[in-house]
Amino acid sequence: MIDATPTRAMRGGGDLAFYLWTALGLAIFPFLFRLPIFNGYNGLATQILIVGIAAIGFNLLLGYAGQLSYGHAAFFGLGAYAAGLSVLRFFPGAHSFGLAVIFGVFIATVAAFIIGSLVVRLYGIYFALLTVAFAQMVFFVVFQWRDLTKGDDGLQSIATPAINLGFAKFDLTQTLPSLALGPFGDLSEVRLWYIFAAIVMFGVLAFVRTLVRSQFGEVLDAIRENEERSIFVGFDPRRYKLAAFVISGALCGLAGALRALYDGSAAIATLTVDQSGAFVIYTVVGGVGTIFGPLVGTGVIMWLENIVSAKTGAWRLIEGVIFVLVIVFLPNGLIGTILKRKFNLFATLRGKK
Amino acid sequence: MSETILETKGLGKRFGHFAANADIDFVVRAGELRAVIGPNGAGKTTFFNLLSGITLPSDGTITYKGRDITSAGGPARVRLGIAKAFQTANIYPDQTVAQNVRLAALARVQGSFALQVFRRSGRLGKVDEIAERALDRVELAALIHTRAGDLSHGDKKRLDIAIALATEPDILLLDEPVAGMSIDESRRTELLIKKLAAEMTVLIIEHDMEMIMGISDSITVLHQGKVLASGTPTAIRASKVVQDAYLGGHSEAEIGG
Amino acid sequence: MTVQSLIQALLNGFILGLIYVAIAIGLTIIFGMLRLVNFAHGAFYAIGAYVGLVVAQKAGFGAGLIAGPIVVAIVAILLDRFLLRFFYDKEPTAQILLTFGLAVIAEETLRLIFGGTTQQYPLPDWLQGSVALAGLQYPAYRLYMAIAIVAIVICVWLFISRTNYGLIVRAGVRDRTMVQLLGGNVRAASTMIFAIGAGLAGLVGVAASPIYSIDPQTGFKFLIPSFVVVVIGGLGSFWGAVAGGLIVGELSALTTLIYPGAADVIIYVAMAAVLLVRPQGLFGESEVIKG
């Protein structure tokens, strides 16, 4: 299958190395991105990180629990709307940023729990179709509840409130002080938003890595590899799948909340099948069942989209072609293929093959 | 005499109109080594599936240690101490032998679900203990770093047994444990089963008559989904009813030994 | 809501239902025989519609009706030979992803070629007009189409149940390996089934476009409802597709009459209900559920 998940044996690498490289990567990313070959800009880098959180969440379900959902936009969108409503209506005031994020994650998590409880009893195509059905129902409710959500127009004018830590306030729209960096642009192109998103992304990556190597992750692996055997050594697959579903929904909700706060608006498009499909594409291209895969996939696709859409209207076609090519020729995705090569190389060097 | 550990009353399973099992009254005492035999299609594997929880019965009850487990699910039965090794070795092919058994031990220690998203299972010392013991008993300790999918057929079946053992069962169900094995492997497995039978109750489905006659405390014969006869190996060997049933499939020599 | 509008809705639902039936039959026998979950099935409908349109604009309605399904069948055969057959028997996840990708490619290609606007299918005079039916004037074309679809469904049914190839199909749905062992030419039958299923969707794509007009979204618009139909009827079941199609069609039409905003979501609610209560659908087999 598109089963890229490296076995436990492949997961080498120390914790410290991971944290250092990840922090370094996140720190230099916006500057690399500015190089003429990439022609990116800081705002796009921030968006990639935010949406990447959702893809990572989605991957938890597909790559580790082994279930394909085509309805995860529901949690992304609910997170966005909840955060927006939190700022505009429910919890405005001094701590509205933090409360918006918390509220967004909360709503998405509750939804994921309700939907998850009903969905995890199914498999394969039935599972996927039921997730679509529920996502469409969420779309319908949000769309029709015009009083609350403004229907088609979505929520607008959500000001990014500042992060209020009591002793300090951070206005995320502020930039860093100016410092020319040659081909890497100027330091002042980096907004605090990026730094905030990078911190959150670091936390998410660290969390997912820990989870995957944990006792919980170990059992999830086992269930994905042989569910029957797992049942008959005494594990309860349904509860594990539900837990994975809820965590993945929560992460999508977090991404949605940040998205709404970043954009200053919550759009109905965040709840569509197209959006769910986008998470699928990002994750598959990047590498299902790898930690960095979904982030890389999000980056590559969103970056390409930025470049190609400016030149031609055929972006969606190109995206579809890339997706199919990856599935057929690189089923492990970009990162998955690299990891497998690395693993095979090590195994050969160690004389195991 | 030891008490009854497992009992079924009127147990039956229908698939559509076909009755795979019907009216089965079955009693096993703790510590017994009970063989379940019968011609092909007699319903032996279905019976084991009912006992282990792979399928739920259409009629009848199953009592384990005095407790009604008729509608209990698979994980629940494993926790209660009913473990099964499958006819086709059911293992995690991409994991090492050690990891295969550790997973079963982990289930034993942590329960059916634990939201331990931060801690690694290596911290649970008892898990390694249980796993090592299980591996030692089936004598697979030398192969612990081998990928389970790469094992020989016989080794896979022994791994399956090790996995079952790691759940610390009181009753072990073995479905054709020596099927497809060489003579050597069969004899080794037979010795293993005898050893295990000394510590726990063992139910075994087999076609290898010689082995069955040699090691069993008692034998239940199934035929067309029902219990045909039950008794000591000597009694079963001499039973005309059993021989008639088998003449449909095997020759008398196979039963007589 | 008048009696008239109710009758009209019921008729519309019946017509829409028949369209769903035609699409769903292809989807369900493709799944039954090839074990392929085909998310690209809606694309066959759309390609048929556009090809039919192009040909009809040059050579008339009849030519379009013939060209559409044939081109679609050819596309299907090529897909089967060079790509899809490596994915039969793979996990449904991989199949869903691949066929979903293909559907996106198909939709976008059509959009680029034909533009994003809606097109109208030219209908010759002799097919226009209306018929007095149950107290109202109902478009004649819809009735002709209905009769044609019913005839086609019966033909496909006869093919599956009476011919040798059909026998292979039915046996193949049950147990492919056994059919191969018995010497049946499963490969050829598989390709043929795929072509027939696709062609059927393409044919209905042409036939229905005078009613529903054509745009690049058409493929996706019919895709999910087709899966709803197949789920309700039971994946792999011929008569399930028929029953499911009519049910979903009527449900859609009646909801459009009573609460138009919910017309889309009601079928999802129906599908969810079926999946939660009886996932194998009305006529499916209960062992099918795992994966």
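1. **Elements of chain C.** Helices here are DSSP runs of H or I with at least four residues, and strands are E runs of at least two, numbered from the N terminus. On that basis chain C has 11 helices and two strands. From the N terminus, the order is α-α-α-α-β-β-α-α-α-α-α-α-α. Please keep in mind that this is a predicted model.

2. **Overall form of chain C.** Chain C has 291 residues and a radius of gyration of 19 Å, which agrees with the value near 19 Å that a compact globule would have. Its C-alpha atoms fill a box of roughly 55 × 45 × 35 Å along the principal axes. Buried residues make up 53% of chain C. Take the contacts in chain C between residues at least 6 apart in sequence: 77% of them join residues at least 24 apart.

3. **A helix pair in chain C.** Look at α3(C), residues 61-82, and α8(C), residues 186-212. Their axes come within 7 Å and cross at roughly 145 degrees. The crossing of α3(C) past α8(C) is right-handed. On the α3(C) side, the residues that meet α8(C) include Gly64(C), Gly68(C), Val72(C), Ala76(C) and Asp80(C). On the α8(C) side, they include Thr191(C), Ala195(C), Ala198(C), Gly202(C) and Val206(C). By class, this contact has 13 nonpolar, six polar and one charged residues.

4. **Val248(C).** This residue is found in α10(C), residues 238-258. Is Val248(C) buried or exposed? Val248(C) is buried, because 28 other C-beta atoms lie within 10 Å and the cut-off for buried is 20 or more. Beyond its neighbours within four places in sequence, Val248(C) is in contact with Gly17(C), Tyr20(C), Pro225(C), Val228(C), Val229(C), Ile232(C) and Ile267(C). Pro225(C) is 23 residues away along the chain, with a C-alpha separation of 7.7 Å from Val248(C).

5. **Overall form of chain A.** Chain A has 14 helices and two strands. The radius of gyration of chain A is 20 Å, close to the 20 Å that the globule rule gives for 353 residues, so chain A is as compact as a globular protein of that length. The C-alpha atoms of chain A fill a box of roughly 55 × 50 × 45 Å along the principal axes. Of its 353 residues, 53% count as buried. Among contacts in chain A with a separation of 6 or more, 75% are between residues 24 or more positions apart.

6. **Confidence in chain A.** The average pLDDT of chain A is 88, and 94% of the residues score at least 70. Confidence is lowest in β1(A), residues 163-164, at a mean of 78. It is highest in α10(A), at 95. Over residues 1-7 of chain A the pLDDT is below 50. That stretch still has 27 contacts in the model beyond near neighbours in sequence.

7. **Chain A against chain C.** This contact takes 29 residues from chain A and 31 residues from chain C. On the chain A side, α5 (124-144), α11 (273-286) and α13 (315-329) each give two or more residues. Which of these elements gives the most? The answer is α5(A), with 13 residues. By class, the chain A side divides into 24 nonpolar, four polar and one charged.

8. **Chain A against chain B.** Here 23 residues of chain A are in contact with 29 residues of chain B. The elements of chain A that each supply at least two residues are α7 (192-213), α8 (215-225), α9 (227-231) and α10 (237-263). The largest share comes from α8(A), with five residues. By class, the chain A side that touches chain B has nine nonpolar, six polar and eight charged residues.

9. **Thr96(B).** This residue is found in the loop between β6 (82-85) and α3 (97-110) of chain B. Thr96(B) is partly exposed, because 19 other C-beta atoms lie within 10 Å, and a buried residue needs 20 or more. Leaving aside neighbours within four places in sequence, Thr96(B) is in contact with Ile144(B), His145(B), Thr146(B), Arg147(B) and Ala148(B). Thr96(B) and Asp150(B) are 54 residues apart in sequence, and their C-alpha atoms are 9.4 Å apart.

Notes:
Residues numbered from 1 in each chain as written. Chains lettered and ligands numbered in written order. Predicted model: local features only at pLDDT ≥ 70, side-chain atom pairs only at ≥ 80, totals over all residues. Contact = placed C-beta atoms within 7 Å. Nonpolar A, V, L, I, M, F, W, Y, C, P; charged D, E, K, R; others polar. Axes fitted to C-alpha atoms, helices over the stretch in contact; angles between N-to-C directions. Left-handed = near helix turned anticlockwise from the far one by under 90°. pLDDT = per-residue confidence, 0-100. Rg over C-alpha atoms; globule rule 2.2 N^0.38 Å. Buried ≥ 20, exposed ≤ 12 C-beta atoms within 10 Å, placed from the backbone.
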